[in-house]
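Open your viewer and keep the sequence panel at hand. We will go from one selection to the next, with a short note at each stop.

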Amino acid sequence: MRTPLLRGLVRWALVPVAATLAVLTAGVPGASAVADLSTVAEALREDPVYVDPAASDQLSSADAEALADKIRDADKPVFVAVLPADQPENDLFKNLRTETGITGLYAIRSGDRFGAQADSSVLPNQAVDNLVTAAESTADPKAQLNDFVDSALQNVGGSAPSSWGSTTTDDGVPVAGLVTTGVVLAAGGAGAYALVRRRRLMHEREQRAALEKLRVVVDEDITAFGEELDRLDFHPGEPGADDAMREDYEHALDAYDKAKTHMAQAEKPEHVRAVTQSLEDGRFSLARLEARREKSPLPERRPPCFFDPRHGPSVADEAWTPSGGAPREVPVCAADRSRLADGRDPMVREVDTDSGRRPYWDAGPAYGPWAGGYFGGGILPGLLIGTVLGSMMATPAYAADYGSGYGDFGSGGYEGGDVSGADFSSDDFSGGFGGGDFGGGGDFGGGF
């Protein structure tokens with residue numbers, strides 16, 4: 001991570017370039033003051049705050065540097081852009097997020113307009129709405145942006161992108177290398193960088209170890225679903241098969257293939273969320289297919305059995321009290337419903353832990369994304385309250401390490417600061433808007 005002194009030197013070195021471009025642009029007849037989003041994005045990949053030359057009256061370079069230092073020191077993926085007053089608003093946030101390609105919270109001030117959007121793995125939509133509402137009443141740009149950032153840094157999940165830690169030239173040579181080594185060492189930059197790098201490497205090792213433990217469970221899930229497909233013994237051309245049956249079967253096969261692909265590509269525990277989402281979707285398709293073959297009523301879409309998602313979709317919610325916990329209602333399959341009615345214990349999914357075999361809700365934090373893919377974020381708080389996993393997922397530290405807590409589990413597996421490129425859903429990138437006279441459906445007026 002660059003020290004304040006080194007960051008100041010880098011910014012100082014880049015100022016003449018931006019100033020020259022601004023002068024040249026201003027000298028061209030009919031030149032537009034509208035910011036080029038690819039330029040903005042390129043700058044944000046290297047620094048958390050960008051002020052367009054045409055909007056320099058909104059935030060001084062010193063104030064922008066101080067704001068950027070605050071974000072860097074907090075190690076959070078918060079991006080701030082100050083753009084010209086006539087910047088077009090339609091799809092502004094989505095396009096900037098696409099160009100930048102990094103999961104995070106994006107705030108834009110354009111003239112007297114202010115708004116923000118975030119990936120749901122970083123900050124839930126309602127939280128963004130609340131932060132914008134709190135900040136929009138402040139007219140002064142410096143005060144508004146600082147108030148917003150101060151509040152956001154207390155709530156945002158994830159870490160700053162690694163690209164903020166070093167800046168390179170077009171030839172791939174670090175800009176820091178263009179500054180004398182004596183300056184870096186005098187500022188303590190070498191020691192700080194070594195400490196940050198050591199922590200990152202340790203965190204990566206811990207995540208790899210957690211993923212390998214989780215991989216055993218997820219592979220069991222995938223294998224179990226494959227066996228269900230085999231036992232079904234359905235043939236698209238069999239007598240009585242219709243287009244609806246064939247569609248359900250095809251959907252189940254696709255889900256099986258997706259689950260295997262997602263698992264093969266998983267690099268962090270949170271990436272298994274996409275695997276279990278696919279398996280849950282595939283099992284529901286199989287349940288529909290089975291009902292069609294038996295000419296039974298089609299099942300309603302329900303979450304899988306809480307005790308073991310491999311049991312398939314639940315049929316009802318039943319009262320259950322974990323050992324030492326409070327009673328709650330959980331979705332259960334028909335077999336476990338019968339067991340509970342008879343006073344017997346349900347068939348619980350147990351996993352290996354350092355203290356032996358335990359129910360998944362009493363295992364490590366990596367099972368949060370695993371459970372989130374099956375159950376979604378909405379019902380998990382009630383299901384897991386009072387359990388080891390539930391307590392872990394409710395903490396800010398969990399959100400920073402595993403992408404989200406009880407929030408939206410459908411964000412594609414990217415946590416704050418991850419480079420996702422254009423691989424994100426606009427449904428998972430949203431937030432609040434305010435200020436100005438915007439009511440025409442643009443980004444500052446309430447949506448895409």
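**First stop: a histidine in a loop**

Select H311: this residue is partly exposed, with a relative accessible area of 33% (buried is under 20%, exposed over 50%, and partly exposed in between, using a 1.4 Å probe and protein chains only). H311 sits in the loop between α10 (272-293) and β5 (316-320); helices (H or I, at least four residues) and strands (E, at least two) are DSSP runs numbered from the N terminus.

This is a predicted model, where local features need pLDDT of at least 70 and side-chain atom pairs count only at pLDDT 80 or more, while totals for chains, interfaces and linings use all residues. Residues are numbered from 1 along each chain as its sequence is written, and side-chain values use heavy atoms, leaving out hydrogens and water.

Now show what surrounds H311. Beyond its neighbours within four places in sequence, H311 is in contact (heavy atoms within 4.5 Å) with C305, C333, D336 and M347. Its C-alpha atom is 9.0 Å from that of A334, 23 residues apart along the chain.

**Second stop: a helix pair**

Select D63, L67, K70, I71 and A74 in α3; they meet K142, L145, N146, V149, D150 and L153 in α6. The residues of this contact divide into six nonpolar, one polar and four charged.

**Last stop: colour by confidence**

Colour by pLDDT, the predictor's confidence in each residue, from 0 to 100. The chain's mean is 78. Confidence is highest in strand β1 (residues 49-51), at 97, and lowest in helix α7 (residues 181-186), at a mean of 44.

Terms used:
Nonpolar A, V, L, I, M, F, W, Y, C, P; charged D, E, K, R; others polar.
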